[in-house]
Amino acid sequence: MSQNDIIDFSALEKELKAAVESESKYQRENQAKLRAVSQGVDYDQFRGLVLTSHLKPLDKKDRDGAPRKQPWNPVAPGN
């Protein structure tokens with residue numbers, strides 16, 4: 001076997017991971033762009049939506065489980 005016939009699998013894996021991440025980022029940002037256009041936002045809001053497209057909302061399990069000391073709206077009736 002010559003030096004040209006040897007496949008560097010670690011480099012190939014890194015390249016594949018980078019390509020998958022790039023495609024995922026493209027799809028995520030494109031979906032954010034389409035949502036922003038359908039909402040009819042101005043440029044600053046459009047840019048903000050695209051730049052924050054990687055953020056995800058928190059789940060209940062993501063909270064630290066400690067009881068809340070501050071209600072959401074202390075002035076609302078019933079609090």
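Where is the place of Phe9? Select Phe9 and you'll find yourself in helix α1. Before going on, know that this is a predicted model, where local features need pLDDT of at least 70, side-chain atom pairs count only at pLDDT 80 or more, and totals for chains, interfaces and linings use all residues. Residues are numbered from 1 along each chain as its sequence is written, and side-chain values use heavy atoms, leaving out hydrogens and water.

Now show all of α1, residues 9-39. Its 31 residues reach 45 Å from first C-alpha to last, close to the 45 Å expected at 1.5 Å a residue. (Helices are DSSP runs of H or I, at least four residues, numbered from the N terminus; the expected span is 1.5 Å times one less than the number of residues.)

Next, pick Glu13 and Lys17. Their side chains meet in a salt bridge, 3.6 Å from N to O; the term means a side-chain nitrogen of Lys or Arg within 4 Å of a carboxyl oxygen of Asp or Glu. A search of the whole structure finds 1 salt bridge. Because Glu13 and Lys17 are 4 residues apart in helix α1, about one helical turn separates them.

Step past the end of α1 to Gly40, which takes a positive phi of about 70 degrees.

Last stop: Ser53, in the segment after α2 (43-51). Ser53 is buried at 14% relative accessibility (buried means under 20% relative accessible area, exposed over 50%, partly exposed in between, with a 1.4 Å probe and protein chains only). Show Arg28, Glu29 and Ala32 too: Ser53 touches them, not counting residues up to four places away in sequence, with contact meaning heavy atoms within 4.5 Å.

Methods. Helix = DSSP H or I, 4+ residues; strand = E, 2+ residues; numbered from the N terminus.
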